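I keep this notebook for things I look up in a structure. The entries below are in the order I made them.

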Amino acid sequence: MPRAWLEAIRRQMPAVELLRQVQPDESFEENFFSLPLNTIVSRSTATQTTFTSEALEQQLLQEDALLRGHFRLSSGLHSDTYVQCARFLRRPDLAAPAAAELARQIQQAGLQPDVVVGPAMGGVVIGYELARQLGVPGIFTERDDSGQMTLRRGFTIEPGQTIIIAEDVVTTGKSTNEVARVLEGLGAKVLAVASLIDRTGGNAALNFPNFALLPVTAATYAPDDCPLCRAGIPVVKPGSRPDKAFS
Ligand SMILES: [Zn+2]
């Protein structure tokens with residue numbers, strides 16, 4: 001291993017700095033992937049950058065990740081609010097300070113996870129970034145062919161390991177509880193859920209702390225009993241407008 005790398009590891013340099021040490025004539029894969037995981041992922045404290053609820057809401061609105069109006073959701077219900085966090089998380093320069101704020105709150109609460117678990121798809125990106133900032137591995141659960149939430153890809157949880165579940169948005173808390181049950185079934189202890197948006201406005205029925213950067217109160221209505229329809233406001237199905245990249 002090059003001397004510069006050994007020095008970088010001794011100084012617990014973040015992985016991104018470590019990569020800058022790679023010389024053009026060195027094999028990236030050979031050098032990087034031969035490092036033990038706990039060398040690459042050195043435990044670090046969260047950065048000082050913070051993201052207030054107000055600033056986050058502005059950025060979500062600016063990225064069309066949070067829409068206010070009259071929407072037909074994929075469930076068929078109508079709502080005055082539509083959330084698509086992927087449009088926010090596509091920007092690493094926004095995902096990083098958002099995760100930093102979650103990491104700060106988690107550390108301030110004295111919680112020290114061994115692993116961050118971000119349920120696919122919504123939790124994968126924010127889970128990765130939160131894991132990076134907390135200095136621990138980040139993995140994800142996903143549904144198998146029968147629709148059961150599970151760990152695949154060789155991901156494992158050791159009994160007794162402590163977990164933070166990362167979500168982009170907590171919609172009802174139901175799927176977060178489902179993930180928690182799977183992890184607890186493997187012997188893990190779920191410390192908390194960390195999300196960008198809590199669509200329950202802080203009312204999710206969870207058996208563990210709920211760190212959300214932005215509580216959002218969203219009204220949903222049956223299509224045949226929708227005050228927005230009665231007011232004559234046209235209903236929009238997100239994804240139906242070609243000038244917007246919703247999906
Ligand atoms: Zn309506």
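**Entry 1: Arginine 153**

I counted 7 C-beta neighbours inside 10 Å of arginine 153, so arginine 153 counts as exposed. The rule is that a residue is buried if 20 or more other C-beta atoms lie within 10 Å of its own, exposed if 12 or fewer, and partly exposed in between, with C-beta atoms placed from the backbone. I looked up the backbone angle too: phi of arginine 153 is positive, about 60°, although this residue is not a glycine. Arginine 153 sits in the loop between β6 (149-151) and β7 (162-170).

**Entry 2: What I am looking at**

I note that this is a predicted model, in which local features need pLDDT of at least 70 and side-chain atom pairs count only at pLDDT 80 or more, while totals for chains, interfaces and linings use all residues. Residues are numbered from 1 along each chain as its sequence is written.

I found 10 helices and 10 strands in the protein. Helices (H or I, at least four residues) and strands (E, at least two) are DSSP runs, numbered from the N terminus. Of the 247 residues, 35% are buried.

**Entry 3: Confidence**

pLDDT is the predictor's confidence in each residue, from 0 to 100. The protein averages 84, and 76% of the residues score at least 70. Over residues 22-26 the pLDDT is below 50, and I see 5 contacts for this stretch beyond near neighbours in sequence. Two residues are in contact if their C-beta atoms, placed from the backbone, lie within 7 Å.

**Entry 4: Aspartate 64**

Is aspartate 64 buried, exposed or partly exposed? I looked: it has 15 C-beta neighbours inside 10 Å, so aspartate 64 counts as partly exposed. Its phi is positive, near 60°, in a residue other than glycine. I place aspartate 64 in the loop between α5 (53-62) and β1 (66-72).

**Entry 5: A cis bond**

I found that the peptide bond from alanine 120 to methionine 121 is cis, with omega near -10°. Methionine 121 belongs to the loop between β3 (115-117) and α8.

**Entry 6: Two helices**

The axes of α7 (residues 92-108) and α8 (residues 122-134) come within 9 Å and cross at roughly 60°. Axes are lines fitted to C-alpha atoms, for helices over the stretch in contact, and angles run from 0 to 180 degrees between N-to-C directions. I therefore write down α7 as oblique to α8. Angles under 35 degrees count as roughly parallel, over 145 as roughly antiparallel, 65 to 115 as roughly perpendicular and the rest as oblique. Among the residues that meet are Ala95 and Ile106 in α7, and Val125 and Leu134 in α8.
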